[in-house]
Amino acid sequence: MTLAPAIASAQATQRTTPEPAPNLGGFKVCNKSSYDLEVAKAVNTAANGQTPNIVSEGWYKFARGECATLWSGKLEYRYYLLYAQNKQSQREWKGDIQVCVSSQAFTIKHGVCESSNYRRGFFQVDTKDYESWTQNLND
């Protein structure tokens, strides 16, 4: 997986490839599809009862059959949001929760979607009270 985080203000970014993480918890995504994928992640960092504060980040590149940890350590939240796409086939793994993304590598630390960005429908993953989770993206 190639990790490509960036600040939404279009600052220059650096692409890195993380080391495989030992199984110490965390949220792992596995690309079980027959496509290479770009994945965006998001989470609501607000405390219960407060106004949502969605933090989104992408694009993580997953080759077919590749797995990687997107959130490391013991899971801090119950709900995580994901969106995946393969632009060539126009295939999407999506849901109904609208989250702000960018066409370039991004990190957006607020829910406001500026004019240079756009929204995609993310799907929600309920990890219940588990300390770790693996989400497979299948055909």
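**View 1. Salt bridges join E38, K61 and K87 into a network.** A salt bridge here is a side-chain nitrogen of Lys or Arg within 4 Å of a carboxyl oxygen of Asp or Glu, and the count by this rule comes to seven. The model is predicted, so local features need pLDDT of at least 70 and side-chain atom pairs count only at pLDDT 80 or more, whereas totals for chains, interfaces and linings use all residues. Residues are numbered from 1 along each chain as its sequence is written, and side-chain values use heavy atoms, with hydrogens and water left out. Between E38 and K87 the closest N and O atoms are 3.9 Å apart. Because E38 lies in strand β2 and K87 in the loop between β5 (79–86) and β6, this pair ties together parts that are 49 residues apart in sequence. With a relative accessible area of 15%, E38 counts as buried (buried is under 20%, exposed over 50% and partly exposed in between, with a 1.4 Å probe and protein chains only).

**View 2. D126 forms a salt bridge with R78.** The closest N and O atoms of D126 and R78 are 2.7 Å apart. D126 belongs to strand β9 (residues 118–126) and R78 to the loop between β4 and β5, so the pair ties together parts 48 residues apart in sequence. D126 is partly exposed at 22% relative accessible area, and R78 is partly exposed at 41%.

**View 3. K41 is placed over the ring of W71.** The charged end of K41 sits 4.8 Å from the ring centre of W71, where the rule asks for NZ of Lys or CZ of Arg within 6 Å of the ring centre and within 35 degrees of the ring normal. K41 is found in strand β2 (residues 37–44) and is buried, with a relative accessible area of 10%. The K41 side chain also reaches the backbone oxygen of L70 at 2.6 Å.

**View 4. F27 and W71 form an aromatic pair.** Rings of Phe, Tyr and Trp (its six-membered ring) pair if their centres lie within 6.5 Å, with planes under 30 degrees apart counted as stacked, over 60 as edge-to-face and the rest as tilted; the structure holds nine such pairs. The centres of the F27 and W71 rings are 5.2 Å apart and their planes lie at 85°, so the pair is edge-to-face. Both F27 and W71 are buried, and ring pairs link F27, W71, Y77 and Y80 into a cluster.

Key: Helix = DSSP H or I, 4+ residues; strand = E, 2+ residues; numbered from the N terminus. Polar contact = N/O pair within 3.5 Å; in protein donor to acceptor, adjacent residues only side chain to side chain.
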